[in-house]
Amino acid sequence: MGTIQIRDVPDSTELTLKARAEQAGKSLSSYLRELLNEQASTPTLDEVMERIAADEPVPYDPEFVRETMRDGRR
């Protein structure tokens with residue numbers, strides 16, 4: 001397994017994350033590992049569109065998709 005070190009995290013961010021980890025009954029390291037794993041396992045819009053296009057090529061305009069998604073949320 002790799003090691004990631006993050007510097008210059010604002011104090012307020014660190015305190016918030018520590019409090020959330022404690023509330024979840026986890027160490028800060030364990031809590032952050034879960035957050036990172038969740039983020040890494042969730043594909044981005046571009047990754048999803050690449051997977052779709054690999055199966056069935058479709059014209060893809062990222063801005064059109066984002067705009068359509070924003071309109072759908074209104």
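**Figure 1. Glu 34 and its partner Lys 26.** Glu 34 is partly exposed in this predicted model, at a relative accessible area of 40%. The side chain of Glu 34 meets that of Lys 26 in a salt bridge, at 2.4 Å from N to O. A salt bridge here needs a side-chain nitrogen of Lys or Arg within 4 Å of a carboxyl oxygen of Asp or Glu. Lys 26 is also partly exposed, with 31% relative accessibility. The model is predicted: local features need pLDDT of at least 70, side-chain atom pairs count only at pLDDT 80 or more, and totals for chains, interfaces and linings use all residues. Residues are numbered from 1 along each chain as its sequence is written, and side-chain values use heavy atoms, with hydrogens and water left out.

**Figure 2. Glu 14 and Lys 18 in helix 1.** The two residues form a salt bridge, and their closest N and O atoms are 3.0 Å apart. They sit four residues apart in helix 1, so about one helical turn separates them. Helices (H or I, at least four residues) and strands (E, at least two) are DSSP runs, numbered from the N terminus. Glu 14 is partly exposed at 32% relative accessible area. Lys 18 is partly exposed at 40%.

**Figure 3. Arg 70 and Glu 63.** Side chains of opposite charge can pair when their charged atoms come close. Here Arg 70 and Glu 63 meet in a salt bridge, 2.9 Å from N to O. Arg 70 has 37% relative accessibility and counts as partly exposed. Glu 63, at 40%, counts as partly exposed too. A search of the whole structure finds three salt bridges.

**Figure 4. The largest pocket.** The space in this pocket is about 670 Å³. Its lining has 15 residues, and the closest to the centre are Ile 4, Ile 6, Leu 32, Arg 33 and Leu 36. Helix 1 (11-23) and helix 2 (28-41) are the elements that give two or more residues to the lining. Helix 2 gives the most, with seven residues. By type, the lining divides into nine nonpolar, four polar and two charged residues. Nonpolar covers Ala, Val, Leu, Ile, Met, Phe, Trp, Tyr, Cys and Pro; charged covers Asp, Glu, Lys and Arg; the others, Gly among them, are polar. A pocket is an open set of points on a 1 Å grid over the protein atoms alone, where a 1.4 Å probe fits, with protein on both sides within 12 Å along at least five of seven lines; lining residues have an atom within 4 Å of a point. Grid points are joined across faces, edges and corners, and the volume is the space filled by probe spheres set on them.

**Figure 5. Asp 8, before helix 1.** Asp 8 lies in the segment before helix 1. Its phi is near 60°, a positive value in a residue other than glycine. Most residues other than glycine have a negative phi. Asp 8 is exposed, with a relative accessible area of 77%.

**Figure 6. The fold around these views.** The protein has four helices and zero strands. Its radius of gyration is 18 Å, well over the 11 Å that the globule rule gives for 74 residues, so the protein is more spread out than a compact globule. The radius is taken over C-alpha atoms, and the rule is 2.2 Å times the number of residues to the power 0.38. Along its principal axes the C-alpha trace spans about 45 × 35 × 25 Å. Of the 74 residues, 8% count as buried.

How values were computed
Buried means under 20% relative accessible area, exposed over 50%, partly exposed in between (1.4 Å probe, protein chains only).
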